Amino acid sequence: MGENAHTVEYARELDQSDELGKYRQEFYIKEDTVYLDGNSLGLLSKRAEASVKAIMDSWKTLAIDGWTEGEHPWFYLAESLGKQMASLVGAEEEEVIVSSSTTTNLHQLLATFYQPADKKTKILADELNFPSDIYAMKSQLAVKGFGPDDHFVRVKSEDGHFLKEEDIIAAMTEDIALIILPSVLYRSGQVLDMEMLTIEAHRRNILIGFDLCHSIGSLPHDLSKWDVDFAFWCSYKHLNGGPGATGGLYVNKRHLGTTPGLAGWFGSHKGRQFDMSHEMVPAENAGAYQIGTPHILSMAPLIGALSMFTEAGIDPIRSKSLRLTTYFMDLINHELHPFGFVIRNPLAVSQRGGHVFLEHPEAARICKALKSEGIIPDFRSPNGIRLAPVALYNTFEDIWHTVQILKKIMEEKKYKQFENKRGVVA
Ligand SMILES: *Cc1c(COP(=O)(O)O)cnc(C)c1O
């Protein structure tokens with residue numbers, strides 16, 4: 001980068017030529033703040049707010065008829081939103097449904113696809129995965145009568161930050177029935193090579209599913225082409241669906257028709273659901289893996305939120321996200337080198353997710369100092385700072401400003417005014 005690459009004017013130039021810049025004004029961004037926590041909870045957009053109002057109105061004016069009438073008939077909302085999400089995960093429309101939450105969807109997919117038989121009885125995961133996924137896997141093992149000590153294999157990370165695909169492949173032994181991995185690791189932001197891992201798993205007759213919580217809405221996927229067996233995700237991070245927004249799942253076409261492990265009447269064939277028979281006729285698409293009545297009010301914001309992704313396109317979003325994180329790291333290296341930060345996310349573009357991950361012994365209180373200055377980071381115990389510049393609403397100037405504030409906090413040791421302890425939600 002040239003001499004001017006570290007000036008605010010340069011940041012503004014980058015913003016001027018940013019084709020996605022126009023979306024920022026569609027979001028509610030608190031004045032004088034830089035929000036860098038969109039990978040924990042994405043911001044509210046005006047479109048999402050409007051679609052919530054529209055669903056509230058349909059309830060107000062249509063009451064029970066809202067299930068089948070109005071602009072967004074509730075009975076088909078999970079399917080229609082699923083179609084929009086399909087392009088974000090690179091799947092066919094029938095392979096995706098909007099339903100439940102990440103953890104519940106994982107339970108459903110394990111109950112459906114974890115079928116220990118003969119020698120193949122174990123689940124393979126990794127030691128860096130998100131706790132909720134681990135809890136779900138352990139409890140599904142217990143349901144099948146297996147203990148976590150001898151049936152749950154977790155691939156080790158050499159450095160506590162990254163996983164090596166070769167280590168994962170080496171762990172695909174003949175006693176493994178099924179593999180669950182994250183697409184993007186929630187701390188370091190490492191992107192795993194999902195295509196290669198799927199090929200290797202299938203070579204060994206093992207099913208493989210991915211948790212897309214940190215990749216959906218941030219980077220493109222090609223699940224159908226990669227032949228991934230199943231996947232699941234939440235909608236409140238990069239997808240900006242709001243707190244507790246309904247998640248989603250994908251089941252490869254090849255597996256459609258597999259009896260749902262956790263059955264409920266909303267998994268029924270739509271034309272047969274109201275036969276009220278005690279013999280379930282499951283839907284022929286991914287809708288079969290729904291359980292009970294869809295959480296319409298938690299899906300409502302997705303109508304507006306997803307329309308922005310459909311319009312902007314996931315490829316331009318990924319490309320801007322990478323430019324933002326590259327710029328961020330360049331400024332960090334240039335401005336913050338005396339202060340002991342270590343960049344822990346992968347540097348290579350192909351392995352980098354949507355956030356920058358810094359480590360520092362004083363991370364907890366540096367985060368508190370940042371917040372007091374209007375910068376919203378995400379603290380990850382014990383010493384991590386996650387900073388997610390989001391393509392639809394963050395600017396290059398946001399990043400420039402963040403690094404300047406961080407520099408001031410370190411130079412003036414402002415973090416010392418705070419306790420080095422995390423809050424209840426961190
Ligand atoms: C955010 C996240 C979850 C959260 O699960 P919920 O059921 O939505 O609460 C699970 N797994 C991963 C990897 C996550 O990043």
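Two strands count as paired if DSSP finds at least two bridges between them, and the elements themselves are DSSP runs numbered from the N terminus: helices are H or I with at least four residues, strands are E with at least two. With that in hand, let's walk through this predicted model, where local features need pLDDT of at least 70, side-chain atom pairs count only at pLDDT 80 or more, and totals for chains, interfaces and linings use all residues. Residues are numbered from 1 along each chain as its sequence is written, and side-chain values use heavy atoms, leaving out hydrogens and water.

Start with the overall layout. Where they meet, domain 1 contributes 27 residues and domain 2 contributes 22 residues to the contact, with contact meaning heavy atoms within 4.5 Å.

Now look at an open sheet of four strands, ordered 9-10-13-12 and paired antiparallel. Strand 9 (342-343) and strand 12 (378-380) are the edges, each pairing on one side only. Strand 10 (residues 356-359) and strand 13 (residues 384-387) are joined in the antiparallel sense over four bridges, and here L358 faces I385 in strand 13. Helix 11 (residues 314-335) packs on this sheet and touches strand 9, strand 10 and strand 13; its direction makes about 25° with that of strand 10. Such angles run from 0 to 180 degrees between N-to-C directions, using lines fitted to C-alpha atoms, for helices over the stretch in contact.

Next come the rings. Rings of Phe, Tyr and Trp (its six-membered ring) pair if their centres lie within 6.5 Å; planes under 30 degrees apart are stacked, over 60 edge-to-face, and the rest tilted. This rule gives 14 aromatic pairs. One of them joins W67 and W74 edge-to-face, at 5.4 Å centre to centre and 80° between the planes. W74 counts as buried because its relative accessibility is 9%, while W67, at 23%, counts as partly exposed; buried means under 20% relative accessible area, exposed over 50%, and partly exposed in between (1.4 Å probe, protein chains only).

W67 and W74 belong to one aromatic cluster with F75, Y76, W265, F266 and F274. F75 is buried at 10%, and K270 lies over its face, 4.3 Å from the ring centre. For such a placement, NZ of Lys or CZ of Arg must be within 6 Å of the ring centre and within 35 degrees of the ring normal.
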